[in-house]
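Thanks, everyone. I will go through one model today, starting with single residues and ending with the whole chain. Please have the sequence and the structure open.

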Amino acid sequence: MVNTLPKPEIKTPSKETVLTPRFYTTDFETAANLDLSAQETELKAMLAEMRTDYNRHHFVRDEVFNQSWEHIEGEARQAFIEYLERSCISEFSGFLLFKELSRKLKNRSPLLAEIFQLMARDEARHAGFLNKAMGDFKLSLDLGNVTKTRTYTFFPIEWVLYTVYLSEKIGYWRYIIIYRHLEKHPENEFYPIFQYFESWCQDENRHGDIFKALLRSQPQLWNNWKARLWSRFFLLSVFATHTLTVHERAGFYTSLGLDATEFDREVVRNTNETAGRAFPVMLNTEHPKFFPRLQRCAGYNMKIAEIESSSVPKVVKLIRKLPLIAAIVWNLLLVYLIKPVDAEVLRETVR
């Protein structure tokens, strides 16, 4: 029997901006020479857990997907497709980085190489599952072509440890908060992928724990004043990006019955507290100016998006955007200067 179902249309990836998920490369020589002895026991234990692959049967589409999704339409449909695309690119970015690290470290650091190989397996599984979900909406990403055309950003391995740790942990909190919300409000679950978020987020949590061990194996990344400054910088960078993107896509969260502002704050607070287990400092999210300033940045970013989508000449756009960009930078600087919380002092009380 000939399959006459139409193939999904290949979707042109969204334009790259400072807020879109990026592809990364790093210093593989430095990565190969990392001394892991301080956390080797923990890393071997987590490797054993990764080998077990508890989620190997989890990402299997069942019959509930076999239906038409044309009833999801308009802004809700577009917002969900954008969410799927962004999530797919983010997971695929992790796959590419971990795969390359595994390949380059295979003969230099076998323990680390196998860990990265298994994390790449998880990320590929996630990206493929998300891309199949896009297929339900008659769209698909050509991930092979994306690999060739996307811009790659170089990060030193030290920055990779900071940023990937935060990326995995904030991913955990995003998934689990959505999952728990929909458990209480199943009437808002408009597509079955959300049922997979509980086990999905455990992959994110496990990956984050691995990067925590890697980070704590390098004392220079947490036991001096430079490490405290870098920790504050990466925490703020990840939280600001989250706040701006959540508010850009507020319609998606509305369709789930979530308030974008409250969702953002819950994710940031929980991720910040979790980061206290790995980083030497946490940001003071309870400071009265912390969230209002981030919220202000989100508002400026929305105005920038409006200007960018207008039909005025590029020079005029730039002139109009500059004061808004300056306002975002200024507000983020003021947030950065808020006195942080010393996580090392609170190490025994952080749960």
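Glu-42 is found in helix 2. Helices here are DSSP runs of H or I with at least four residues, strands are runs of E with at least two, and both are numbered from the N terminus. Before I go further: this is a predicted model, in which local features need pLDDT of at least 70 and side-chain atom pairs count only at pLDDT 80 or more, while totals for chains, interfaces and linings use all residues. Residues are numbered from 1 along each chain as its sequence is written, and side-chain values use heavy atoms, with hydrogens and water left out.

Back to Glu-42. With a relative accessible area of 38%, Glu-42 is partly exposed. On the terms, buried is under 20% relative accessible area, exposed is over 50%, and partly exposed is in between, with a 1.4 Å probe and protein chains only. From Glu-42 to Leu-214 the C-alpha distance is 9.6 Å, across 172 residues of sequence.

Helix 2 covers 40-52, and the loop between helix 2 and helix 3 (74-105) holds Phe-65. Asp-53 lies in that loop between helix 2 and helix 3 too. What is the phi of Asp-53? The angle is near 55°, a positive value in a residue other than glycine. Asp-53 has 11% relative accessibility, so it counts as buried. Lys-138 also has a positive phi, about 65°, and is not a glycine either. Lys-138 sits in the loop between helix 4 (110-135) and strand 3 (139-140).

Next, the loop between helix 7 (197-216) and helix 8 (225-248), where Gln-220 has its place. Ser-217 is in the loop between helix 7 and helix 8 as well. Are these two residues buried or partly exposed? Ser-217 has 4% relative accessibility and therefore counts as buried. Gln-220, at 41%, counts as partly exposed. For Ser-217 and Leu-322, which are 105 residues apart in sequence, the C-alpha separation is 42 Å. Which residues does Ser-217 contact, leaving aside neighbours within four places in sequence? They are Asp-35, Leu-36, Ala-38 and Gln-39, where contact means heavy atoms within 4.5 Å.

Arg-174 is in helix 6. Its relative accessibility is 18%, so Arg-174 counts as buried. Not counting residues up to four places away in sequence, Arg-174 touches Tyr-83, His-242, Val-246, Tyr-253, Phe-263 and Val-267. Arg-174 and Glu-266 are 92 residues apart in sequence, and their C-alpha atoms are 9.0 Å apart.

Now the ring pairs. The rule takes rings of Phe, Tyr and Trp (its six-membered ring) and pairs them if their centres lie within 6.5 Å; planes under 30 degrees apart are stacked, over 60 edge-to-face, and the rest tilted. By this rule there are 42 aromatic pairs. One of them is Phe-65 with Tyr-191: the centres are 5.7 Å apart and the planes at 75°, so this pair is edge-to-face. Phe-65 is in the loop between helix 2 and helix 3, and Tyr-191 in the loop between helix 6 (157-184) and helix 7, so the pair ties together parts 126 residues apart in sequence. Phe-65 and Tyr-191 are both buried. In the pair of Phe-80 and Tyr-83 the centres are 6.5 Å apart and the planes at 15°, so the pair is stacked. Phe-80 and Tyr-83 are three residues apart in helix 3, so about one helical turn separates them. Both Phe-80 and Tyr-83 are buried. Tyr-83 is also one of the residues that Arg-174 touches.

Last, the whole chain. The protein chain has 12 helices and six strands. Its radius of gyration is 21 Å, close to the 20 Å from the globule rule for 351 residues, so the chain is as compact as a globular protein of that length. The radius is taken over C-alpha atoms, and the rule is 2.2 Å times the number of residues to the power 0.38. Along the principal axes, the C-alpha atoms fill a box of roughly 55 × 55 × 45 Å. Buried residues make up 50% of the 351 residues. Of the contacts between residues at least 6 apart in sequence, 84% join residues at least 24 apart.
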